[in-house]
Amino acid sequence: MDCKARGRRCPEAAFLIPEPARMGPLRPSPGPGGQGLSMPPLLLALLLLLLAPSPGHTTQVVYKVLEEQPPNTLIGSLAADYGLPDVGHLYKLEVGAPYLRVDGKTGDIFTTETSIDREGLRECQNQFPGEPCILEFEVSITDLVQNGSPRLLEGQIEVQDINDNTPNFASPVITLTIPENTNIGSLFSIPVASDRDAGPNGVASYELQAGPEAHDLFGLQVAEDQDGKQPQLIVMGNLDRERQDSYDLTIKVQDGGNPPRASSALLRVTVMDTNDNAPKFERPSYEAELSENSPIGHSVIQVKANDSDQGANAEIDYMFHQAPEVVRRLLRLDRNTGLITVQGPVDREDLSTLRFSVLAKDRGTNPKSARAQVVVTVKDMNDNAPTIEIRGIGLVTHQDGMANISEDVSEETAVALVQVSDRDEGENAAVTCVVAGDVPFQLRQASETGSDSKKKYFLQTTSPLDYEKVKDYTIEIVAVDSGNPPLSSTNSLKVQVVDINDNAPVFTQSVTEVSFLENNKPGEVVAEVTASDADSGSNAELVYSLEPEPAAKGLFTISPETGEIRVKTSLDREQRENYELKVVAADRGSPSLQGTATVLINVLDYNDNDPKFMLSGYNFSVMENMPALSPVGMVTVIDGDKGENARIQLTVEQDNGDFVIQNGTGTILSSLSFDREQQSTYTFQLKAVDGGVPPRSAYVGVTINVLDENDNAPFITAPSNTSHRLLTPQTRLGETVSQVTAEDIDSGVNAELTYSIAGGNPYGLFQIGSHSGAITLEKEIERRHHGLHRLVVKVSDRGKPPRYGTALVHLYVNETLTNRTLLENLLGHSLDTPLDIDIAGDPEYERSKQRGNILFGVVAGVVAVALLIALAVLVRYCRQREAKSGYQAGKKETKDLYAPKPSSKTSKGNKSKGKKSKSPKPVKPVEDEDETGLQKSLKFNLMSDAPGDSPRIHLPLNYPPGSPDLGRHYRSNSPLPSIQLQPQSPSASKKHQVVQDLPPANTFVGTGDTTSTGSEQYSDYSYRTNPPKYPSKQASLEGNEVGTGGLSGSRRSRES
């Protein structure tokens, strides 16, 4: 059966050439020779028929279509044109959207709402003249009967040009400069017009229109070269610039379309002085290679032209001539040298060849020019990783990178079409593609027509799938090119295994036994059965049905969706007490599988017992401020029936929403938070209703008593924090000076208040009654107590935990209130002072007392210094007197050194008052002769061994026989600083080496007589933080002198 008999369009119709009756003979525009070409319609149809694709050729499909066709225009029929099946097969467009769509049953290819614009197709841009514009498409064919792997058809549609673009000049005004001495017959090139159409629809002819003054001077000639038609202006007469220096002509361009399109531009000819020679390129054309991704500034090629003229007429400027915009964007032409360099990123995948012309123009008054063709071939670099595209094939669709496939598919079933491509060329585009990992899938080449840079594979299964073992797979596909170094890329597809119905439903209980009350209402639920299915989807959706025994037929029904069994009529236990039902659960799989279970129904007796509360009345006590829905009590109710007759429903009667009760537990819950201060008692009734038919009920009264909680702090009613009261020094002890009163709206112990003074009573003048709040005076008022006293009174209740309030009581101790400004300032200061800081008494009194202490200490210090000086003078005088009487002439003196250690602290005896100083131990009497000899031999030398050391006293230690033991004397009888006697010779006695701490410089040390006094007498008036009055060296000196005097005084005391 031919294609017309089946009502389909024949293959030649796929070319979408208008019918000859409408179109008429093709008449291209006359060429330069003026000859026309006429083709009869019959010959044209025969030619198209010969060019149509053969029906038996299935590997490559080729159609032709004119651009800009309306939507739903038939391009071709795969089934009719190529003998492909049209029954039981699914045709699906894999590549070609959005320009094409395919009928799924017939394989007819149609245009869509997106018009096919030949000039707008990316594949057809930057083409050389004569190259066809190809739109590629792919169609998969799936056999729906055998459910085999799909077949992939690759096709091409040659988009043919229609005359939908008008030729235009680059500028509406074209300027030519011609020397005045130009010879007749000279030719001058006119910039060509451009037409986005191709072939016959491109630029076909030019026409020159001149006015009367220029009609005999200029003509037009059209030359054809490798760039196309080149219009040239012919000089047909002598030009005289002095007579007329410019002419305005009109040049018209027309394409070869039917109907033709045309446009025009103003050609302005300017007559200039002469320039005899035109530049001439060294070569008529230049060819160069440029690696893609070359850096900016990289040299491509240099063009060179020469001019036989001299001066400015021989100076040449180079410029692009009619170069595409992409050439001007990527390349830079040096105007003076003709060097072409890279100025933009060059990508071979976007543009593999750059073809343009370079114009060399001299700088003469009447400039001449020459042109050269330049072709730059872009060399490929391996800068593009392979691209992996994964899409559905046939009946397998993909969504969000996931494909669904049934677990029962056979081996080698295609689940996806994988297209691997590389935008590079040559070895850089040779791609190898594999499936990574251990998955039951592999790649199989889908088409033998693909190139190394573009291959298509079927992703197909290698072994059976099992949903119960693995529910999904993640397939990772790796593609590696052959570049150096090689580039790779990965893409993944998630395959979801679809379950098939291979598991029967299973009930949770094979036998279910239920009890049901007689005299029921029709439609009541008897039981509910549940089954499950290990499958998924519709294979796990269950439908329930009943197969009852003959005696139960028509009495029960089951919900197909939930398995809920209901009774259709009222049951009578006296007629039949037991029923047995067979429940069938069937899934919705194909074929359907089913499982069964048995339901045993026991009919129970009628309800004849009332519910009964355990108590005749309930009384509960709860604390206030309990959160809402807190339990307040629990009731117990029983029923002598069984089953539904004993199922009790509890409700609150006279329900105002304050209380709810939980069925099952009997717990009463409050819907509100209690506040005893607002309401302390609640009463209501509970109703208990059993589940019998008819129901039976009982009532009981409930009383809720709200107990108090300490939720209110005491409130101070008097006095105000800003008030004050005058308190004169004559106020009697025990007299009430102020009264603090407070209230607490709680009850019981939570409202019992206690008062206490928390701060502001440093002198203990006041006391407050713990229960009365009365503040009384407890001590006599002294002068230092004058001023403002701020008592911080704390009022606490006895709740747990207790709450409290704080009051400020201001008492102003003074004779009168004459200085109210001062009092107001003191009150303001009190309110601004933190409560932990005491405000009490007269600050001036304390400051005056401190000044008195300081003055007393200064006077005492002066007296002590004077006594020390007097004592030092007395000791020196006595020493000189005794030295004169005890000097031994002729005896050699040996000097020894003792160094008193610096005192760090005063003795412990000076720290406390009232402690009596211990009397020094008695010393043995010393002979006068020995004493006299000792006094004669003593010499005191003060020296300092090192900076900061205490001065040392050098004493001669070679004493005459019978001399007293000075070390023992100092240890026993004197509080003076001990000195260390260091012998300078082996004869010195070790018992003289005794060490004691030196006293402070301002300490007067006595010898045990009645006139001796210590520094502790002045401790009450001294300031411990004050530094020593005298420097350290002077203090040591004075201490030594005092010690010497003390020694002499002690000896004189014993002598007397």
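**Exercise 1.** Decide whether Cys 878 is buried or exposed in this predicted model.

*Solution.* Start with the cut-offs: buried means under 20% relative accessible area, exposed over 50%, and partly exposed in between, with a 1.4 Å probe and protein chains only. Cys 878 has 14% relative accessibility, so Cys 878 counts as buried. Cys 433, at 12%, is buried too.

A word on conventions: the model is predicted, so local features need pLDDT of at least 70 and side-chain atom pairs pLDDT 80 or more, while totals for chains, interfaces and linings use all residues. Residues are numbered from 1 along each chain as its sequence is written, and side-chain values use heavy atoms, leaving out hydrogens and water.

**Exercise 2.** Identify which residues touch the most other members of the largest nonpolar core.

*Solution.* Such a core joins buried Ala, Val, Leu, Ile, Met, Phe, Trp, Tyr and Cys residues through side-chain atoms within 4.5 Å. The largest has 30 residues, and Phe 281, Leu 331 and Phe 356 touch the most other members. Now zoom in on Leu 331: beyond four places away in sequence, its contacts (heavy atoms within 4.5 Å) include Leu 290, Val 300, Phe 320 and Phe 356.
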